[in-house]
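Student: I am new to this model, and I would like to know where its labels come from. Could we go through some of them together?

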Amino acid sequence: MQPFNTQFTLSRDYLAECYDQSLPHGRNVKPNYLLPTLLLSSGAGLLLFTEQPKIASCTLIALGVLELIHIRYRRAWWLARQMLGKSAGSEVKLTIDKDGIQTQNPYTITALLWADIERIIETDLGLILVAKSGGQQYLSKSLLPPELINEIVTKIKGKH
């Protein structure tokens, strides 16, 4: 494999693409409404059926409402957290070679060896590399030439 180097900015658009393309293939595809339901019903139960001070029940209800807001706005919440991180807006150097994929920005260096990749998921706009450890790394197809995309997919699928 010929070494390939490129740079891109870790912008809001790139992060939004990462989130949108990875969400259907992640662990939390469907929101879990169990926690807010338990919090709201526990708070309501304490409020209605006990003589305890109202602070505990109001706190549980508030936490339930906050969890529902978190579920409703999880994309915006995730993007806001990423944009508040120190890596946001930085230049990322992407290197793909015979050993694997390496990303480097002023704050972190991440390497994913070919041997550590369990499978690949090809989406409309990118590639999701699933490591044996369970972690995922997203690569946008807009960063890569079509020949390299085919070579990566063939290399990973050829291992299995």
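Student: How do you know that β5 and β6 pair?

Tutor: This is a predicted model, and in it five bridges join β5 (residues 117-122) to β6, with the two strands running antiparallel. Two strands count as paired at two bridges or more, so five bridges are enough for β5 and β6. Within this pairing, R119 stands opposite V130 in β6. A hairpin of three residues links β5 to β6.

Student: And what does β6 do on the way to β7?

Tutor: β6 pairs with β7 (residues 136-140) in the antiparallel sense, over five bridges. Here V130 stands opposite Q136. The hairpin of β6 and β7 has four residues between the strands, and G134 takes a positive phi near 100° there.

Student: What makes β6 mostly covered?

Tutor: Six of the six residues in β6 (residues 126-131) are buried. Buried means under 20% relative accessible area. Both faces of β6 are covered, with G126, I128 and V130 buried on one side and L127, L129 and A131 on the other. In a regular strand, side chains alternate between the two faces of the sheet.

Student: Why is C18 called buried, while C58 is called partly exposed?

Tutor: C18 has a relative accessible area of 12%, which is under the 20% cut-off, so C18 is buried. C58 comes to 45%, and because that lies between 20% and 50%, C58 is partly exposed.

Student: How many disulfides does the model have?

Tutor: The count is zero. A disulfide needs a pair of cysteine sulfur atoms within 2.5 Å.

Student: Why is E51 called exposed?

Tutor: E51 has 82% relative accessibility, and the cut-off for exposed is over 50%, so E51 counts as exposed. E51 is found in the loop between α2 (34-49) and α3 (54-72).

Student: Which residues of α1 and α4 meet?

Tutor: From α1, R12, L15, A16, Y19 and D20 meet R74, R75, W78, L79, Q82 and M83 in α4.

Terms used: Residues numbered from 1 in each chain as written. Predicted model: local features only at pLDDT ≥ 70, side-chain atom pairs only at ≥ 80, totals over all residues. Heavy atoms only, no water. Buried < 20%, exposed > 50% of the residue type's maximum accessible area, 1.4 Å probe, protein only. Contact = heavy atoms within 4.5 Å.
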